[in-house]
Structure formats: structure tokens, C-alpha cells
Amino acid sequence: MIRLMRVDHRLLHGQVAFSWTQELGVNCILIANDDVPNNDIRKTAMKLAKPQGVKLVIKNIENSIKALQSGVTDKYKLFIVVESVADAYALATAYPKIKQINLGGTKPADGTKQISKAVNLTPDDESKLNELIEKGCEVEIRQVPNDKKVFFKDIE
């Protein structure tokens, strides 16, 4: 069962590893990203940040979708972490059982608009998130679980 999908450009780090994992009561974290599986330094960093007693799975986006669709992840209380809204969109459109997306942090870049302290979105990101909301997905913004939940649809 998928507990949450989080968009965070840092992927797995202290906030994600400990506060979110404990709050959600998950036993498996899926890092869905096209770079990490092929980048030994990033892969090692993710493994070091993993909380004890929680399974860590690192897959590219295509293989993450295949794993979700096959049902092999159904036995886990799953927390999916992706780096970008585009990755979240790819997973959520291919696997509609993803119903909650947390925006935790996205980097500022040319063409992005800051919509919260740590979330910066392009017009394309906003369009993708609105499409997911129309399909029944809840999109909210929080850095840590104790922050007040702010819904993306309410800040546009």
C-alpha cells in the first residue's frame, strides 16, 4: 500500500529518512529516479541515509512503474520519493493508485516560480499538478509532517 509520494530534489535525507518514515509508519522507501541507479556516489549516499529497519529500493522511473503495476510492492507500506514533479507525474499517471503527493522541495531555476519556502515550480509543473488534481490526486506542500498541510490547489 502506498502511503505517500514525495517530491524532493534531495531525495533521501534526514527529514525524509526519519520524520516522514516515522510519521507514515512505512517499512519500505522507493527512490524512483533515472540518475541514482547509475550513480554510485548518490546510491551510496541514499543507502547511508536509510533508517534502520526500513527496506530501501532504488529504481529508475520505468522500472518503478513496472514494479508498482506488477503488484510486487503491494506487501509493503510504501513511501515513494522522486526528485521532480515530472517524475511524480510519470508515476501517478502510469499508476493511478497513487492518490497523495507531497511537495517537499524543488530547486529554484530559470522559469520557476516560488510557491512556498522550498517549492519552486515551472508553468509545466503547475499544469501537470493540476491535471493530477483533476484525476483525484491530493497535492499538498509540507517540508516535515508537523507543518500545516497546504493544498496546492489553494495557493494558485
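1. Lys97 is found in the loop that connects H4 and E5; helices (H or I, at least four residues) and strands (E, at least two) are DSSP runs, numbered from the N terminus. Lys97 is exposed, its relative accessible area being 61%. Here buried means under 20% relative accessible area, exposed over 50%, and partly exposed in between (1.4 Å probe, protein chains only). Between Lys97 and Gly53 there are 44 residues of sequence separation and 25 Å in space, C-alpha to C-alpha.

2. The model is predicted: local features need pLDDT of at least 70 and side-chain atom pairs count only at pLDDT 80 or more, while totals for chains, interfaces and linings use all residues. Residues are numbered from 1 along each chain as its sequence is written, and side-chain values use heavy atoms, with hydrogens and water left out.

3. Helix H5 comprises 12 residues (123-134), which at 1.5 Å a residue should span 16 Å; its end C-alpha atoms are 17 Å apart, in agreement with that. The expected span is 1.5 Å times one less than the number of residues. Gly136, which has a positive phi near 100°, follows H5.

4. Asp125, Glu126, Lys128, Leu129 and Leu132 are the buried residues of H5. They line one face of the helix, because they fall within an arc of 160° when seen down its axis; the arc is that of the directions from the helix axis to the C-beta atoms. Pro123 and Glu134, on the other side of H5, are exposed. The buried residues of H5 pack against helix H4 (85-94) and strands E5 (100-105), E6 (113-114), E7 (120-121) and E8 (138-141), contact meaning heavy atoms within 4.5 Å.

5. Strands E2 (residues 28-32) and E3 (residues 55-59) run parallel and are joined by five bridges; two strands pair if DSSP finds at least two bridges between them. Ile31 has Ile58 in E3 as its bridge partner.

6. The largest nonpolar core has 31 residues, of which Met5, Ile80, Val82, Leu91, Ile98, Ile101 and Leu103 touch the most other members. Such a core is a set of buried Ala, Val, Leu, Ile, Met, Phe, Trp, Tyr and Cys residues joined through side-chain atoms within 4.5 Å. H4 gives the largest share of this core, five residues. Not counting residues up to four places away in sequence, Ile80 touches residues including Leu4, Met5, Leu30, Leu91 and Ile98. Another core, of 18 residues, lies apart from it and includes Ile31, Val36, Met46 and Ala49.
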